[in-house]
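Biologist: Before I use any of these terms, I want to know what stands behind each one. Please show me the sequence and the structure, and then I will ask.

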Amino acid sequence: MRIRDRRVQTTYPVRLTCQVIGHPIPEITWYKNETEISQDDRHIFWDDDSNFHTLEITHSALEDSGCYMVTARNINGSVSCRCSLVVDKGIRAYIAPEFLRGLDTAYTIHSGGELRMSAQLEAYPSVGVVWHRDGIRLRPSRRSIMTLSHDGTVQFSLINVTMRDAGVYSCTATNIIGQAETSTKVAVTTAIQDQLSINESSNIMITNPDILYSKEPLFVTKPLSTEAIEGDTVIILCEVVGDPKPEVIWLRDFLKPDYYKDAPHFRLVGAGPQYRLEIPYAKLDFTGTYSVIARNCHGEAKAVISLQIYAKEQGKEEQMQKSPHGKVLTLPIIKRELRDLRCCDGDAVSLECKVYATPEPPLVRWERGSKIITMVGDFAAEFDGETARLSIQHVYPEDEGEYTCVAYNDLGKAYTSACLVVDDGRELRSPQVLLRNDTSKRSRVCPPKFYAVPHNRLVQEGETVRFQCAVVGHPAPWIKWDKNGTIVTPSTRISIKEQDDVKILEIIDVMREDAALYRVTAENDFGRIEASARLEIGTNLLVELSEPEVPHLEHILHLTVVFFQLPVE
């Protein structure tokens, strides 16, 4: 349960209550206008055994008006939700919604431009405002922003307008007394220079770094002389390019490769352009001079380094820890994995993990769908050398997906991934961490079980839609997707993906014939479960809603488990 917008008269008490679950038990913090609230004579925090948390303002004042936020945080991340509190002097009578200033009669906007519409209304008590285009309800997204100010001003903004955005727009305001509506017609004209099709995830970009080219062998990264303690694992890294690909050999003390009496202790790794020599459990007599030679038909390149191995308990450990060159460079490792997280549209969330490497902390980047996330707008990243955190201040439905934290240095990289599931704001569910596979703690026999189920989707032709669920079981269940009872097979538009417990069905360039009931079935030797979700195409929605269909028994069984029917607006 989330905190909700409230309006109260001065001097009256007001309570903001939410329900939060998580493991470990999360810590709760309250904020007003992004400033943390401390408990005092007027602000009281309390909770109960049912995971309800309440902020009570015992004697409200005009200055208590503002945006309130509650954040629940544990070692796996955080989730937040917000509400608006309006404190006024009160009015004597209820007022049905009335538009003092309606929308303009018509708007004309160039393709690729920005559409802005506003109106002003009066009502008491507070109203709910809904926007429609050609009868289809509009939802907030990174392209469209809908606001309602305390003075009754409603605004709708849409960026990167396309020809598909043309139509009749209406704004409907409703409270317990009545309802009012204002509408307008929006025309979209072709701009002088048409923009490319809009990427809904505009905060994501792909980077293609230039790769150095050389015919003759050339060291892009030369190996470095290093020191280590007896028993350490030593890794000597280099990067060599050449055309054709050069032959790379490692030599010790300038002896021939086949001369080494201790050759089994050395591991040559890499097929280019990165190569490395791994020496596990280094011995004292491995101290010496090492060289790398790269040859092809155009020439030869050579690099020479020294390796010094020290005996244990000779006082060198502390010296090497203080020296930036004394410790052996190690591959990054993940000390604590990301955890799948579920939230609602409009929440604030953070994903956290712990990474480690020596002698310096690794570099960290965040990805979604194998594309690097640019930290702008609602997205922000923090890294203190150990804990990496990705924060999303305002979650939209299109933010749903798999997020990956990549820790990397010159030796390589390590990564951890988690799924962010975004529920429709109309479905009031408590935020929770989704459990990942953990075969060490799971019983030896476990029938399939859903921790997250696919949800109904409403899209327009040409867009991309994704159904996903999280399911566990032992033995691992096999997964099958079907469309109206017919097995779904991958194609150029349809892909089926699996990432640990998360199962995904993705359809790009949605067409009208894709509208159907999609079902996912999970089965192993000890049980079988299924979940369903319906895909609606915007151009067909009005026809289907005009003649509601009585659910069949099959649909009723789905409803009791995982199926949520789209309400008629």
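Biologist: Which residue in β17 stands opposite T108?

Modeller: In β17, T108 stands opposite A187. This is a predicted model in which residues are numbered from 1 along each chain as its sequence is written, local features need pLDDT of at least 70, side-chain atom pairs count only at pLDDT 80 or more, and totals for chains, interfaces and linings use all residues. Side-chain values use heavy atoms, with hydrogens and water left out.

Biologist: What makes β10 and β17 a pair?

Modeller: Two strands pair if DSSP finds at least two bridges between them. Strands themselves are DSSP runs of E, at least two residues long, and helices are runs of H or I of at least four, numbered from the N terminus. β10 and β17 are joined by 5 bridges and run parallel, so by the definition they pair.

Biologist: How do you know that β16 pairs with β12 and with β17?

Modeller: Both bridge counts can be set against that cut-off of at least two. Strand β12 (residues 128-133) is joined to β16 by 6 bridges, antiparallel, and V129 stands opposite A173 there. Between β16 and strand β17 (residues 179-189) there are 8 bridges, also antiparallel, with T172 facing its bridge partner E181 in β17. β16 and β17 form a hairpin, with 4 residues between them.

Biologist: Why are β10 and β13 called edges?

Modeller: The open sheet has 5 strands in the order β10-β17-β16-β12-β13, with mixed pairing. β10 (106-110) and β13 (136-137) each have a single partner strand, so one side of each is left without a neighbour in the sheet.

Biologist: Why is β16 described as largely enclosed?

Modeller: Buried means under 20% relative accessible area, exposed over 50%, and partly exposed in between (1.4 Å probe, protein chains only). In strand β16 (residues 167-174), 6 of the 8 residues are buried, so the rest of the structure largely encloses the strand. For the chain, 44% of the 569 residues are buried.

Biologist: Why is T521 called buried?

Modeller: T521, in strand β44 (residues 516-524), has a relative accessibility of 1% and therefore counts as buried. Contact means heavy atoms within 4.5 Å. Leaving out residues up to four places away in sequence, T521 touches W478, I479, K480, D482, R528, I529 and E530.

Biologist: Is A533 buried or exposed?

Modeller: A533 is in strand β45 (residues 527-537). Its relative accessible area is 1%, so A533 is buried. A533 and Y518 are 15 residues apart in sequence, yet 5.4 Å apart in space, C-alpha to C-alpha.

Biologist: What makes a set of residues a nonpolar core?

Modeller: The members are buried Ala, Val, Leu, Ile, Met, Phe, Trp, Tyr and Cys residues joined through side-chain atoms within 4.5 Å. The largest such core has 40 residues, and I3, Y68, V349, W366, Y403 and L420 touch the most other members. Strand β8 (residues 77-88) gives the largest share, 5 residues.
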